Amino acid sequence: MSAWKRAVALCLILCLNMMLTAYASDTADATAGTESASAPAEGETPESDTSDWVTFLLICNEGMLNNGGNVGNTVMLFSMSPSLGAVKKISFLWDTFVDYPGYETPQLLDQPFRVGGPEETLKIFNENFGQEITSYLSINFLNLAAVIDTYGGVTLDVSREERNALNGMVASKAESALTALMNLGADETAFNSILEQYYLLDYGPETHLSGIQAVGYGWLQYDSVINCCMREVEVIGQLFFKMRQFVEERAVFYQGKAEMPTEAELDSRRPIDTDAMTDEDKAFLAELLQPVFNKSYHNLTDDQIGSIVEAILRSAYGDPGQRDSTFNVIQLEILPLEYDHERTLIGGYEGTVVDYTANKQALELFLRDPTYSTMIIDPESGILPVVESP
């Protein structure tokens, strides 16, 4: 590749980064709620067997690196059980204020990533919410987009307003990006051709998004930070579903020898008995989902990765005969509890002031009590209505 083409490619990537970063900072408009979210009732957190659960912090950032250098504006806590085929996910609003040693005033939750990457983010998260989580997975927006493209993009219900806002993210920086590239001798026609692939023409309930479009959609916050969070949830839910489809083209799950599929049913796919999954089966499945881990920066062990892969696939498939059961959903919580409260201005930044004790209790209850959930995601149907917590 010639030097000018490498320069053009680099500048284009930087421009895309500018688009997402600028839009995220320029268009935030957090909403103010009228009712306070109530914390769970006081009392001892119900005990449950958490021996095979893998819990880790997932961070996605706006920069070019996986391990720091920019704000980590997507912070999610995942907990997965391979034996139950269960996936729990807690989304934390990036504008949550946290106590940060060394700073005179509270800082936003996305700040620790800029200071010390995922390790610092995990440390501050644990200190504020009373956890002892040791694992993390961090990925930048371009690598996340590449992962989504690996599994064929996602299909979402995109409103006209969301489509226009997503395109505005591209258009707002197109002129300055073109000027920078023209100074390097790039061809304007070639630039416009490349840029056009990032514009979204369609909208509606069955709108297909490429990886970079899906990441941009998940970061839209022109209407509120909470809606931004919900869009991120929809993107992740659909990504899990597309992973399932990807695996389904290459493997057939069954339960017990009596239900072993015929050669015709296998159609050259690998048969996997969910009651007797071998190490070879697990290695095969891990390879199919390896792009997620290859394109990220993490400290997960091979055993943890194996458990995560198995949990994701079991949650998507379920056991034969139980495909409409809770195996097909991802349990979801959004924290802090004060997510719909009016934002507070501290140190020049607007954010959410939280009751750490109440949020710690809510987090513990969600992670430890298998019956507790405020909402669920069906990978095919999206977010289901909020249900009453026990």
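Contact here means heavy atoms within 4.5 Å. In the predicted model, this criterion applies to the packing of helix α2 (residues 111-129) against helix α12 (residues 356-368). From α2, the residues Phe-125, Asn-128 and Phe-129 meet Tyr-356, Asn-359, Lys-360 and Leu-363 of α12. By class, the residues of this contact divide into 4 nonpolar, 2 polar and 1 charged. The axes of the two helices lie 9 Å apart, and the packing angle is about 105°. Angles of 65 to 115 degrees count as roughly perpendicular, and α2 and α12 are therefore roughly perpendicular to each other.

On the α6 side the contact involves Ala-214, Tyr-217 and Gly-218, which meet Cys-228, Arg-231, Glu-232, Glu-234 and Val-235 in α7. The residues of the contact of α6 with α7 divide into 4 nonpolar, 1 polar and 3 charged.

Cys-228, one of the α7 residues in this contact, has a relative accessibility of 3% and counts as buried. Cys-60 is also buried, with a relative accessible area of 3%. The structure holds 0 disulfides. For Cys-228, the nearest cysteine sulfur is that of Cys-229, at 7.1 Å. A disulfide requires a pair of cysteine sulfur atoms within 2.5 Å, so Cys-228 is in no disulfide.

Among the strands, β2 (residues 74-81) contains Val-75. The relative accessible area of Val-75 is 2%; buried means under 20%, and Val-75 is therefore buried. Leaving aside residues up to four places away in sequence, Val-75 touches Leu-57, Leu-58, Ile-90, Ser-91, Phe-92 and Leu-109. One of these partners, Leu-109, is 34 residues from Val-75 in sequence, while the C-alpha atoms of Val-75 and Leu-109 are 8.3 Å apart in space.

Strand β9 (residues 251-254) directs Ala-251 and Phe-253 one way and Val-252 and Tyr-254 the other way, and all are buried. Strand β9 pairs with strand β10 (residues 270-273) in the parallel sense, over 4 bridges. Within this pairing, Val-252 stands opposite Pro-271 in β10.

Key:
Residues numbered from 1 in each chain as written. Predicted model: local features only at pLDDT ≥ 70, side-chain atom pairs only at ≥ 80, totals over all residues. Heavy atoms only, no water. Axes fitted to C-alpha atoms, helices over the stretch in contact; angles between N-to-C directions. Parallel < 35°, antiparallel > 145°, perpendicular 65-115°, else oblique. Nonpolar A, V, L, I, M, F, W, Y, C, P; charged D, E, K, R; others polar. Buried < 20%, exposed > 50% of the residue type's maximum accessible area, 1.4 Å probe, protein only. Pairing = 2+ DSSP bridges.
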